[in-house]
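Okay, thanks for coming, everyone.

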Amino acid sequence: MTLSLSAPLMLLLLPLPLLVWFFAPPHRHRVRATRVPFFRDLTQAAGVEARRGALVLRRSSLQMIAACLAWALLVLALAGPERLGEPIVTENAARDTVLALDISGSMDERDFVAQDGTRKQRLEAVTDVLRPFIAERDGDRMALIVFGTRAFVQAPFTDDLQSLNGFLDQTQVGMAGPNTALGDAIGLAIRTFQGSDIEERLMILLSDGSDTSSTMTPVNAATIAADQGVTIYTIGVGDPEATGEARVDLGILEDIAKRTGGEFFYADDQEALTSIYQRIDALNPRVVETTSYRPKTSLAYVPLSVALLIVLLATTLLHLGSRRRGTRHV
């Protein structure tokens, strides 16, 4: 257990009674006296000592000790004694990351070569790589946007990264429409970031098609994202030689990344996709804001309680002593 004082300068008040004692003595002034016959006999009968001039009653040793202890304890209480608990360290997100995942109809193609040589659905391969990537981003806040013909926030910003796996499991091809809206996905990410007060903003955009249904062009959206401080890393999957909706537009993905200060990657199998996410993780290492504090428990009540007990005990003893003297004189 560690003890400390929240206001240690209050201890400078300890010598205050001594300063008053030396520099502000009792006021003295002359008054007319009344002569009383047999004065010495009266003082002896009363048990007091006759003195010349004004009389300041002297305190007993018990009173002095009790007063000094009570004053010291009162000053100690004013100094704010407190017990410090064990340090508690909290880590807050220093970066917000949006994952934008294309779930248009072409993501149902089974042309992604897994590490064991089997062919997997594009979306399945992507989500298999995303799960360990998300797990290693501990310290970031992440949100998940899915897009097809329209873009939707599948999961808002959260630091509970394990919950994103559940949202990934619920994501299926075509649930946002068959087409591809790259520009709208970026625009939705920008609006999502506007609710955040964290300055470092990262977006990872994965698509296997070309923009065919956005209300905002990807170039305009990327320009606005750059103005808002959003860095976009783009990943192209699929066949750049295909036609129509099945063709991935690598040129526009590269342009988006370049305009926002990010990087562009292309993956044609699961191993390449894994290395891309590892590369992104290396380029954007885990960043957290660490704060540490020690819980404090005030102990001012302890010296106050002891001071009160001392005063009550001294008063009781003095009262009992005066009663015994009074009984003896009678």
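Let's start with Ser104, which counts as buried because its relative accessibility is 0%. Buried here means under 20% relative accessible area, exposed means over 50%, and partly exposed is in between, with a 1.4 Å probe and protein chains only. Before I go on, the caveats: this is a predicted model, where local features need pLDDT of at least 70 and side-chain atom pairs count only at pLDDT 80 or more, while totals for chains, interfaces and linings use all residues. Residues are numbered from 1 along each chain as its sequence is written, and side-chain values use heavy atoms, with hydrogens and water left out.

Back to Ser104. You'll find Ser104 in the loop between strand 4 and strand 5 (112-113). Helices (H or I, at least four residues) and strands (E, at least two) are DSSP runs, numbered from the N terminus. What does Ser104 touch? Leaving out residues up to four places away in sequence, the list includes Phe147, Val173, Asn179 and Asp208. A contact means heavy atoms within 4.5 Å.

Now the chain as a whole. There are 10 helices and 13 strands, and of the 330 residues, 37% count as buried. Take contacts between residues at least 6 apart in sequence: 80% of them join residues at least 24 apart.

On to the cores. In soluble globular proteins, nonpolar side chains tend to be buried together. A nonpolar core, for us, is a set of buried Ala, Val, Leu, Ile, Met, Phe, Trp, Tyr and Cys residues joined through side-chain atoms within 4.5 Å. How many residues does the largest nonpolar core have? It has 33, and those with the most contacts inside it are Leu101, Leu206, Ile235, Leu273 and Tyr277. Elements giving two or more residues to this core include strand 7 (141-147), strand 10 (230-237) and helix 9 (270-283). Helix 4 gives the most, with seven residues. As for Leu273, its contacts beyond four places in sequence include Phe112, Val129, Leu206 and Ile235. There's also a second, separate core of 25 residues, with Ile145, Leu182, Val230 and Leu253 among them.

Next, the cavity search. A cavity is a set of points, on a 1 Å grid over the protein atoms alone, where a 1.4 Å probe fits but cannot get out; lining residues have an atom within 4 Å of a point. Which residues line the largest cavity? Leu99, Ala100, Leu101, Leu130, Ile204, Leu206 and Tyr277 do. Strand 4 gives the most to that lining, with three residues.

Tyr233 lies in strand 10 and is buried, with a relative accessible area of 7%. The C-alpha atoms of Tyr233 and Gly262 are separated by 4.9 Å, although the two are 29 residues apart along the chain. Then there's Glu82, in strand 2 (residues 81-84). Is Glu82 buried or exposed? Glu82 is buried, with a relative accessible area of 11%. Setting aside neighbours within four places in sequence, Glu82 is in contact with Thr2, Leu3, Ser4, Ser6, Lys296, Thr297, Ser298 and Leu299.

Okay, that's my tour.

Conventions
On a 1 Å grid over the protein atoms alone, a cavity is a set of points where a 1.4 Å probe fits but cannot get out, and a pocket is an open set with protein on both sides within 12 Å along at least five of seven lines; lining residues have an atom within 4 Å of a point.
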